[in-house]
Amino acid sequence: MILTFAAGGAIAAASTLAALTSSADDTRRTIDVSRVLDAAAPLLATPDIVITKTPPDPPALAERSQWVFDLRWDRGDVWLVGVHPLDLPSPQATPRVMGRFALELFEGPTLIERARFDFPLLGAPEPDGGPSLTAKLRTRIGVMFPATGRGTRLDLVDRATGHRWALPWPIEGSGPGSMGPQTSTTDASRSD
């Protein structure tokens, strides 16, 4: 019995010594990664990174008063039909969505708000220069934009073509934050 324990102890000691020796050798070896990769599989090309002048979306402004910009797409031309005030029951943050077009509000060189949108039925350009199905399209959209007292310049941007159009800012006339024509409370409450 004693012999069996001694033989077992010698085997355990030899195994421990072999493990220590192999771990010491591992630190001096280099790992060949080419064996891990499949030689028949093509390597994925790294995506081209395009750096643009477009700044990231700023934190969304939350306002109770909003402007609704009535915009029209007419056979490739963009038109501002009108701007209408809208009062909401509670402040609403500008949603962050993707879109070809954007209303961008700047304060000096700093972008302080962006509302992206797409015109209904205006699809992506046809691949390979095929005929455009939207060449004769006429469509309209209302874009909500916060009625903030901040900002010095408002632009409408077509991100696909890079065109920019200056829009009026601040908005003049009646609406949120302005002193346009109002009904007198004495005339409205009069009951004869």
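Where is the place of L121? Hold that thought for a second, because what we have here is a predicted model. Okay, L121 sits in the loop between β4, residues 110–117, and β5.

Now look at the backbone there. L121 is not a glycine, yet its phi is positive, about 70°. Why mention that? Well, most residues other than glycine have a negative phi. And is L121 buried or exposed? L121 has a relative accessible area of 72%, and over 50% counts as exposed, so exposed is the word for it.

Three strands make up an open sheet in the order β2-β1-β5, and the pairing is antiparallel. β2, residues 77–93, and β5, residues 138–146, are at the edges; each has a single partner strand, so one side of each has no neighbour in the sheet. On average, neighbouring strands here are turned by 20° against each other, if you ignore direction.

As a reminder, strands in a sheet pair through backbone hydrogen bonds, and that can be parallel or antiparallel. In our case β1, residues 62–74, pairs with β2 in the antiparallel sense over 12 bridges.

P85 is partly exposed, with a relative accessible area of 43%. Which residue 86 places away in sequence can we pair it with for a distance? That's I171: from C-alpha to C-alpha, P85 and I171 are 9.7 Å apart in space.

A cis peptide bond joins W169 and P170, with omega at about -5°. Most peptide bonds are trans, which is my reason for pointing at this one. P170 is in the loop between β7, residues 163–167, and α2, residues 185–188.

Last one: A60, in the loop between α1, residues 2–26, and β1. A60 is partly exposed, at 35% relative accessibility. Which residues does A60 touch, leaving out those up to four places away in sequence? The answer is A93, T94, R96 and E113. For T94 we also have a distance: T94 and A60 are 34 residues apart along the chain, and their C-alpha atoms are separated by 5.4 Å.

How values were computed. Residues numbered from 1 in each chain as written. Predicted model: local features only at pLDDT ≥ 70, side-chain atom pairs only at ≥ 80, totals over all residues. Heavy atoms only, no water. Pairing = 2+ DSSP bridges. Helix = DSSP H or I, 4+ residues; strand = E, 2+ residues; numbered from the N terminus. Axes fitted to C-alpha atoms, helices over the stretch in contact; angles between N-to-C directions. Buried < 20%, exposed > 50% of the residue type's maximum accessible area, 1.4 Å probe, protein only. Contact = heavy atoms within 4.5 Å.
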